[in-house]
Amino acid sequence: MRRQLRPTDVKRLNRTWRRNTGNRLGLIIESVTGPFNIGSIFRSAAAFGVDEIWLAGNATPPTNPKAGKTALGTERLVTWHEPVLATEAVKAAKEEGYAVLAIELTAEAVPLHRADLARDVCLVVGSEDHGCSPALLEAVDGVCYIPQVGRVGSFNVAVAAAIALAEARRQEWENLPEP
């Protein structure tokens, strides 16, 4: 009979995965203004062990009360920086040693599962309406997209961030034995 893990078992399982995680993961959030999207992104970032988040453009900070309702306190678990220009956020991430890859639909973008994410990487997501700015796209090291087969043109930004973070960790863990 299947049963859910008890809290102590969940902590033990998560600790095992954490011990097998060496790559640093960063995130740049450009001009995402919806507080619920911000809260959701921060919650996913904390769950996947993001080391640092740079807010860019007019991104809503996680201190917004509505963002807090979704983040459920996880914003305290991730180092984050007040909003700066997108190009400054990219520069800061590169100076920290990250390869910076935008998640965006462009002509030269590669499918997310084919991008080299099994390294110190900083992923970038852009605004709900317009995606990543042209200046940001010029500043990053590369661009990848999330393949879709349905009739919808794009994912919600918080969902796209979670998918990209999960893929980065999946690639890192791909050849590890099961815990």
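In this predicted model, the second largest pocket has a volume of about 350 Å³. Its lining comprises 19 residues, and those closest to its centre are Ile-103, Glu-104, Ser-154, Phe-155 and Ala-160. Strand E7 (142-145) and H6 each contribute at least two residues to this lining.

The largest pocket is lined by 15 residues, with Arg-18, Ala-46, Ala-47, Phe-48 and Gly-49 lying nearest its centre. Helix H1 (7-19), helix H2 (35-47) and helix H6 (157-173) are the elements that give two or more residues to the lining of the largest pocket. The table sets out volume and lining composition for each pocket.

| Pocket | Volume | Lining residues by class |
|---|---|---|
| Largest pocket | about 430 Å³ | six nonpolar, six polar, three charged |
| Second largest pocket | about 350 Å³ | nine nonpolar, seven polar, three charged |

Strand E2 (residues 52-56) is mostly covered, with five of its five residues buried. In a regular strand, side chains alternate between the two faces of the sheet. In E2 both faces are covered: Glu-52, Trp-54 and Ala-56 are buried on one side, and Ile-53 and Leu-55 are buried on the other.

E2 has parallel pairings with two strands, described in turn. Strand E1 (residues 25-30) pairs with E2 over five bridges in the parallel sense, and Leu-55 of E2 is the bridge partner of Ile-29. The chain passes from E1 through H2 to E2 in a right-handed β-α-β crossover. Strand E3 (residues 79-84) also pairs with E2 in the parallel sense, over four bridges, with Ala-56 opposite Val-84 in E3. E2, helix H3 (residues 65-71) and E3 form a right-handed β-α-β unit.

Key
Residues numbered from 1 in each chain as written. Predicted model: local features only at pLDDT ≥ 70, side-chain atom pairs only at ≥ 80, totals over all residues. Heavy atoms only, no water. 1 Å grid on protein atoms, 1.4 Å probe; cavity = no way out; pocket = protein on both sides within 12 Å on 5 of 7 lines; lining within 4 Å. Points joined across faces, edges and corners; volume = space filled by probe spheres on them. Nonpolar A, V, L, I, M, F, W, Y, C, P; charged D, E, K, R; others polar. Buried < 20%, exposed > 50% of the residue type's maximum accessible area, 1.4 Å probe, protein only. Pairing = 2+ DSSP bridges. Right-handed = clockwise from strand over helix to strand, strands pointing away.
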